[in-house]
Every structure is written in structure tokens, then in C-alpha cells.
Amino acid sequence: MSAVLVAFLDDYSVAMRRHVAAPGQAGLSEGYDLGRRALVEGISLLDLTEHHFRTVARDAETQADPRRAEVALEFLLQTMAALDIATRGYLDGTRRYEQQRSRAEDLEGRDAFRTALVESLQDGFFVADDHGTIVEVNSAFGVLTGYGATEVPFGLPHPWALTDRAGYPQIGTEASRFVMPVRHRDGRERWLAVSASSLVKQENDERIFVGTVRDVTAEHDAQARDQAASRLATAVGAATSMVEVLAVGLDELRRTMGAETALVAIWPSRTGRPDVYSCGVTPTSSEQADPEPETNGIAPQFTATPMRQSGPRADGPVVLDDDTQALLDRSRRQSARGLSAITGDEGGVDAVVAPLGETGDAALWVRFGAPRAVSAADWALYSLLVGHLSVALQRARNFDQARATSLTLQRAMLGPIELPPRFSVHYEPALPPLEIGGDWYDVVPLRDGTIGVVVGDCVGRGLSAAVVMGQLRTAARALLLRGAGPAQLLAELDAVASRIPGAMCTTVCAAVLDPERGMVRYSNAGHMPPVLAPPGGPGRILEGGRAVPLATFDTPRRPEATTALPPGATLVLFTDGLVEQRGYDIADGFVKIAEVLSETGAALPRDVADAVLSRLCPPAGYDDDVAMVVYRQPPEPLRLDFPAAAAELAGVRRGLYRWFATAAVPHDLAADLVAAANEACSNSVEHAYRDTEPGRVSLTARCDGDRVVLEIADNGRWIPTPTDPGYRGRGVEMMRVLTEDLTFDHDENGTRVRMWVTLPSITFPTANPLRASSRPPAVSSRQNSF
């Protein structure tokens, strides 16, 4: 028996006897402490029990008193309580261990099953921690991204992420369903559909993301093709001219394809150099292009914003080199929608060329910033987009031709090709872009020197109104040439209108101007009254001669009124579209016209027309056709008398310029006349009073019919032009060149110079069938005269 066991048993006997002699809580506590000591010293439960019963048996008092035996047993049980707790804890631990070992074996089997299940998925599988780090993937994930399970973990930013694509969440950072672009390890761009869920681990409350990824590149490309084609079709659908189609279509094309340059070359005459419409950086060299394009049957994807570049631009003119032009020339002769790929020196597609339209005179060039691999899906998209652009271009060109035809017809019916001096006419259509309506004007010079003016407005709009307008205008012109006055013209036009379907209620204002006498006779058939304004004075409405519109009631006699035309006065005849606007009083429109005329008395008639239209134009534009005629009555003669000093000549020139504007002399002709008059005045200043006291110089400018006559006079000596004037003496030759006639009259009383020019009639070209619609349709058609 060991010393430890002997010492423990002796201490146990002493403590038990002490408790039996005096039972109490202190004794029981001492027994529990002995039990804990037994656990520490490794005392056997059997040794303790045997020693207890031997001690009790040897104690005579205990044997004589049964109660003492029960107290001793209570002490033993208290000592064994600690041993019992330890034993039960051991058994529980053993049981838990067995359970955990069983669970681990079960989990091991489950992990194997889960791994097999995950690997069998066709979709990619991933597990990410709360920081977005991918910690587990399956083999399908590696196939989709090029990054497999042997390379985990993948921290942010993930190696497949496209960092330049904003707005897309990364895999493993969000619990949701979304589609995102990725770059495969081989460089291809793919689209993955991600479905992720958020979970929390029970052992540490850590959040993780578990999800799957699926390749949806084909679906995304198909949707992108449909959207791109829809965007392009929508963008070019509202375009009504070739320039607009190219301006919208090229930009959309270049952006969709991700290209650097998109341009269209059009051969107007099918020979020579083409017109170029470009978007982006225009190529000036084709060293990257293969002169013989390789057709792959694929098409690119693009979007663009084009600008017409047939001339200089900010970074220089758009000029194609010979190789590029030859390449496009060959392309335009290919079959419709035949796309060709231009391969780079190191492989990949560098550019795409294709014919456009159905006439074989246009070709498209789209160049990428760097050679790229183009898939069959890309070519399908390119072909679809080029097809839409080709159809839109052909439609716009057909529309251009129809518009040019209608414009030529409208102008032929609308008014004279030549206008007398001091007139300006303007037509603003309310139905762009065909520019056809029922409003018209006509200016007819007559044999007696008077000028007939007619402004009318047929009911309705469009082609039907234009047909009625053309017939009435022709009849009105014939009546004027036959000598009919305003009232007689409207009376006879009544009979004509009554026989033309659609001519009922046509309004007309007819006038005959007599510039020589300064008079205007006019008659008004339900039309807007003319407005007359003296130079610098307030305008007034000519209310006389009013009657009902044409073909409405039988009128026994059309009235006529006569009004004086003050020198320099401005007369405006117009249709109701100028002043009739929704929400505005017509009287306000007349007030504005009168204000403009009083402010522009010294402006050219064409500038007056622009000012009137600008002042009265509503924010959304005119909602009815506007036809307008502006006439300027010759002003009073200009008479200037000034000292023969060079310092006076600047004021003379300024006065001449102002008078020429009032007299409706075109700017270029006015500049010539000022130069000639300045030379004549300079000669008087320099030579007439040489070696004598300086005298005076007089200048007179007047309108003599269509002529502008200038007379410059002085009281000095006449100095003949020397035979050899040297480097000077060219003034007379210059005056002869700048005027139509130049005469000198000199005697002892001085010298008089007389020069004159004829104010030109303004000739308007007819619409060019190919170029008539190069402007946006909202811009008006304007014909200006001086």
C-alpha cells in the first residue's frame, strides 16, 4: 500500500470518527473535501469503501448504536459525491466524443457528396467570404472565367473583372441576381448571369455568399443586336435628308461598333473624288489597309454622331488618300450589303467596308482603333446595322429628290425669279420639309414703269393648296400684264376662283406701286392689310379697299384705295401666318410690325424682312405659312456741302453709306460707289483749290428710276490729267471701272463730276435636285432681294 493511500485513509478515519461523535455540516464539508482530494491523489473508490466499512466494524460504539452507523454512512456518501460527479462528467464526455466522431464521419461523407454534386453542376459555383474574396469554385467556374479551383482565393478586384465598366456588382459581393461582363483569361469578353445568396455560419456568425454563374453571352449579344438595330432605326427614322441620316447614323454606328472612325464616301457624278461625311478621327492614310479586302462574311457593331466633312474643319480638311479612295470605290461596286474585312499586318480585323444604298455611288468605311477578333455574332450585328443605315440613306435620298422637285415646283409657282430693285420677298412654310403651301406672292414690273404686287393665301395646306395657288397666281399675273388695276384684278379673279375647286375663300391683296410719283393703289379681298412706315416714323395699317374673300359672295364692285408713298418709306404685304398665333391678339402683331419698320428705315429690305420675322416668330415656330413682300420707296436726294478738307471725307463716306442703305443699294455696289465718290471728292480737295484759298465741295446722290446718280462739284480750277501720271493719277480710271458712266464738265466756274450705276435685279436660282435639302427641314426657305 502506498504512503499516499495510507495517509489518505488515516485522515479519512479521523475525520469520520469526529463527524460521528458530533454530526454537523462542518463534518460533511470535510468529507466532500476528502472526496475531491481522492480525485486529485487517484484514490480508488474500492479502497475508500473497504476502508470505511473496516473502520466502522472495528468501532464497538458504532456497533452498539445503529444511529452512529447511519451518520458514518452519510459521511461516506458525502466523500463519494465529488467522485460521482467526476465519473458522470467522464461518461458524458465519452458520449459526446462518440457523437462528434459519428457526426464527423457523417460530415466527411456529406462533404464528399457535396463536392461531387458541386462538380457535377453545369453552372459555375462559388463561395465568397464577407469581404468578397472567392474561396471556393468548381471546375465549371474555371471554364467560364479561365480561373479554376487550384488558384483560389481570388481577392478584390477579381482577375476577370472589367474595371472600366462602372455600375456592375462583382461576384461574391452582393446577394442578388444580376448580369455582368467579365474578361476571360483568353481575352474574350463574356456576360455572366450571377445568382447569389447570403448565409451565416453557426459556429462563428460569419456571413458568406454562395451562388452560381451562367454564361449568357449569346442571349446578351442577341439582345444587344436588337437594341442597337432599334436605336439606329429610331435615330434615322426621323431624319428626312441624306445629311441628317448620316449625321445620326454614323455616330450611332461608330459607338456601337466601338470604332475610331466611321465615314461615308459619296460620288455625286460617279467619277472624280467623292464627298466625304465623317465621324470620329478621319483617316488620311490607308497604310493599315489591305488594298484587296478580305471578305469574311462577318459584320461589326457600332454607333456614331456624324458631321458632313466635305471641306475644311477644325483639324484640317477631310481628304482620302488614293489607296483608301480606291478601296471605297471598289466597295461601292459590290453587291448590296456585302461587308468586307480589312485585316491588319499582325492579324485581326482593322476595318470594315461596305456599299450603301442601291445606286452604287456610296460606300461605308468603319475603322477600329486597333485590330480585333470579330465573332460571327459581331458580323451579324454589323450586317444588321449597315442594312438599316443603307435603307435609311436610300429613303432619305429619295425624299431629297422629292423635296427638291417640290421645292422647284413651289418656287416656280411662288414668285418671280427676278425682282426689281428695292424689293425683298420671303416665304416661310408651315409644313417642312416639303415646303409646299397655299400662300404666294408675285411682283410684276409693268410697261408704264409701275410695279404690280400680289400676295394671297388659299385655304388649306400642302400640295392641294399649292395647286390652287399656282392657278390663281398665274391668272393674277396675266391680269396685271394686261393692265388691270387692283380692283379690276380682284373682280376678275373672283370669276376664276369660282371655277377652281378649293379656291373658295381665298384672300388676296393686290397693289400697283408707282415709284416715280410715290403712290400705291391697292385693293383687299379679305386679306391682311399692308403696313406702311415712313423713314424713322411710326408705321400705319392701310385699311382701305377692303372687301370679302374671293368666290364667296357676288360683289357688284371691288373697292380700291390710293395712298402716297413718302420718300424712303417701307411697305410690307404679308399673309396671315405672320400675325395669327394661338393665344395672341392679331392687333399685337401689327403693332410689332409697325415698330420694326420704324426701327429699320435705314436698313436694306432683306434686313427688314429678317427683322420682322425674327420679332414675330413664336417660340415653337410659325404654325401657318408666311409669304411676305417688302418694298422700299426711293428716298429724298442726299445733298452734302462741306469744306474742301481731307478731314471731312470720313463723314462724307458715312453719310453715303447710310443713304445707300435707305435707297436699298446692295452692300457691294454701295462700297464701289462710296470708293468712286471718295476719289472724286479727294480730287476736288487736293487739286481744285491748289495755291488758292480752300473752297467748298458739294455732293448730291439721288435715285433716278432704277439708277443711282452721284454728282460732285467744286468751284476750283480744272487740272488736266498729265500724260505720264507716274505712280499716281489712277483715280479717274478707278471711277470709270466702279461706275457705269462717268462724265466731267468744267469751266471757269469749277468742275462737275457725274457718275451713275443701275441697281441690279436679283436673280434667284431654282432648286438643285441633289443639293436643295442640305439644310435642316426646320430652317425656312428664303429669297432676298435688294
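**Salt bridges in close-up**

View A. The model shown is predicted. The side chains of Glu-260 and Arg-367 form a salt bridge with an N to O distance of 3.2 Å.

**View B. Arg-254 and Asp-251 are joined by a salt bridge between their side chains.** The N to O distance is 3.6 Å. Both residues lie in helix α8 (residues 242–257); because they are three residues apart there, about one helical turn separates them. Asp-251 is buried, its relative accessible area being 5%.

**View C. A salt bridge connects the side chains of Arg-696 and Asp-641, at 2.5 Å from N to O.** The two residues are 55 residues apart and link distant parts of the chain, with Arg-696 in strand β26 (residues 696–704) and Asp-641 in strand β25 (residues 638–643). Arg-696 is partly exposed at 39% relative accessible area, and Asp-641 is likewise partly exposed, at 48%.

**View D. Asp-11, Arg-37 and Glu-41 take part in a network of salt bridges.** A search of the whole structure finds 27 salt bridges. Side chains of opposite charge can pair when their charged atoms come close.

Conventions:
Residues numbered from 1 in each chain as written. Predicted model: local features only at pLDDT ≥ 70, side-chain atom pairs only at ≥ 80, totals over all residues. Heavy atoms only, no water. Salt bridge = Lys/Arg side-chain N within 4 Å of Asp/Glu carboxyl O. Helix = DSSP H or I, 4+ residues; strand = E, 2+ residues; numbered from the N terminus. Buried < 20%, exposed > 50% of the residue type's maximum accessible area, 1.4 Å probe, protein only.
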